Structure formats: structure tokens, C-alpha cells
Amino acid sequence: DWECHEPVHGLVATRLRPKGDAIMMQVRNVLSNDRKLNVGPWDWEQAVAHKSGRTDLSQEELMRYLRDDARVEAAQREADEDARINARQLAVVGFLPEAECDAIVARLEHNHLLQPTKSPTLRHLLANCNFEKSSEKPEALSLAHDVAERLSARLRELEHCAGDDGRALFHELRVAPEWSSRDYHVRHAERGMEMRLVGASDYIRVMRYCAPEEAGEGGGSFATDPRNAHHDGRNKRAEGDSFLTALLYLSSEGEGEGALRGGGTLFLDEEGEQVARVAPRKGSLLLFDHHLYHRGEHVAAGVKHVLRSDLLYRPVDARTGEALE
């Protein structure tokens, strides 16, 4: 019987050790199924097309829909409800040891990788490893590569390191559900296709939030500030396409002078009201479908570091494992 042990070599290497010397992960659901989540205006046109085995509606079909408001509203409701029913959001506590989270922050600070934004309370890093002529610092690309490898390795260890819930989650994540990747299923309808997990994306974003000098700041300071309500978009890379956001907390809420207060991740209903709050906990990984509306809670005191990646999937022949375009 084997379980996961804290790696010796920081972000890159990992190993397995016998029970009794293990760092375990715990899987926790974020929301109950009876809560009404805001899934945003789901693409009803694609949903209708996919139901008939096509990627898009013809211009003539689209015009027929657009002439009938009631028909459009019904299609939109059906698409939204489908997205809401299938939405996933859960947290993996202890995904990374706290020492590794501290090592990520130390590399960020040592190499001066966090850049200012239009907000005095937010600094960020966008590391894009997919462009050969990237203007990013080599240190940023190295960090992104190491983080992606480490997250991917830890995802694979879910099968052994989080009990029955971890094994169930690993098998759920291993293949993307058809509803979230219907465009691929339609495109490869003539073959038995599935979207298999590749791993975590090397396109990472790291945010550092701090409390405002004056009390009262609640929302984002500019349009794309993550503290404004938003949903995430698919992140197509050379290695695959994404449907799930992976948010790794590098800080924890605490008590006492200088401790982090606030900074949770808030999921919202259709009126913009909070449905659930996930408290920042160092080393925890929050996984949720891209289309769920959410926002970052403002930091009342202290500093919060959080890292975002995505889970990448690629289409393969379900029988042979052959990669498909």
C-alpha cells in the first residue's frame, strides 16, 4: 500500500512512500446541488446545433429561431439548466504541502516576477510557456513549467492519496464529460472519441492581493480585475483544451497582527448574491467549471497569494488512445 509523501526537490520531483509517512489530500464539495448558480448566458445556438449532431446552426435555421422570441428563450433556459446541473466545484485540501507553496512565493519575490496593475492592491504574473518568442523572463517560464509539472503529478496521485473520494475524483477528471466538450464530440462523431486529461496548463497566472490603505474598497479597480464578477474562458494550448479552472491557494486566512483576513473565492447566483465562499487555505486546490460566475473577495488585512492554472484535455480514440485533431 503506497501513498504520497512530501517531495524532497521542491516543485519538480515527487515520490511515493509507505503509509505512516504520508501527506494526504482530502476532497470536499463546495456547494450543495440545490443552490442556484449563475452559469452565465450559455451558448444556446451551439447547444441546439450539438443536439442535432452539428457544430453550428445554418444561417437559415438561426434566423428562424431569432424570429421567435419564445423559442429563443426556451432554448436559452434549456442550455442554462444543462450547464447548471452539470456544473462541478470542489476543493482538494492538502493538494500541495505548505512548504512548496512558500517556495513558489519565494521564487516569485526573489525574481521580481509580480508586476503592478491598475490597482494599488493587486500585482500579478502572467506566464505563457507556449510561445517560442515569449517576452516573459526566463525565470517566469521556468516557474510556470515547474508548477505545471508538479500540479500534473499531484493530480495523478489523487488516485492513491485521498481515499475513496480521491479515487472517484481522479476517475471523474480523467475524461471530460461530453456536455462540456460537445464541439469535439460532434466533430469526431464517426469515431469513439473521449477527451482525456493531459495535466495542468503551463499558462499560469499568479495574483498577489493586499489590503487597501484606506478601508472601503470592495470591488475590482478595473474591468478585468478578478475581484469583479466573471467567468473563466477556455484556454486552448498546444497540449489540449481546458474546461476546468484550477485555483491553488498560496496563503491561508489567520488571526493576529499581519494575518490574512478576507480574500475568499465567492460563487454567485443570478442576482449576483453569494451562494458559497471558499476560504483561502494554503496548499488547497479549488477546481470548478470555467462557466461558473465567481469573484475574488477583497482582502481586509494581510496579503493573499493565489495561482491559477487550468486542466487540459485532448481528444483521443477511446479504443486505441490515438490522438485526434
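Predicted model: local features only at pLDDT ≥ 70, side-chain atom pairs only at ≥ 80, totals over all residues.

A: Residues count from 1 along each chain as its sequence is written, and side-chain values use heavy atoms, without hydrogens or water.

Start with the largest nonpolar core, which holds 44 residues. Such a core joins buried Ala, Val, Leu, Ile, Met, Phe, Trp, Tyr and Cys through side-chain atoms within 4.5 Å (buried: under 20% relative accessible area, 1.4 Å probe, protein chains only). Ile-104, Leu-125, Leu-158, Leu-173 and Leu-307 touch the most other members. Helix α5, residues 138–161 (a DSSP run of H or I, at least four residues), supplies the largest share of this core, 8 residues.

Now zoom in on Leu-307. Beyond four places in sequence, its contacts (heavy atoms within 4.5 Å) include Ile-104, Val-147, Leu-151, Ile-204 and Arg-205. Ala-246, Leu-247, Leu-248 and Leu-250 are also among them.

Where is space left? The count is 1 cavity of 30 Å³ or more (points on a 1 Å grid where a 1.4 Å probe fits but cannot get out; lining atoms lie within 4 Å of a point). The largest cavity has a volume of about 40 Å³, the space filled by probe spheres set on its points. Leu-173 lines this cavity, with Arg-88, Leu-90, Leu-169, Glu-172, Leu-244 and Leu-287. Helix α6, residues 163–174, gives the most to the lining, 3 residues. The lining has 5 nonpolar residues, no polar ones and 2 charged.

Notes: Buried < 20%, exposed > 50% of the residue type's maximum accessible area, 1.4 Å probe, protein only. Helix = DSSP H or I, 4+ residues; strand = E, 2+ residues; numbered from the N terminus. 1 Å grid on protein atoms, 1.4 Å probe; cavity = no way out; pocket = protein on both sides within 12 Å on 5 of 7 lines; lining within 4 Å. Nonpolar A, V, L, I, M, F, W, Y, C, P; charged D, E, K, R; others polar.
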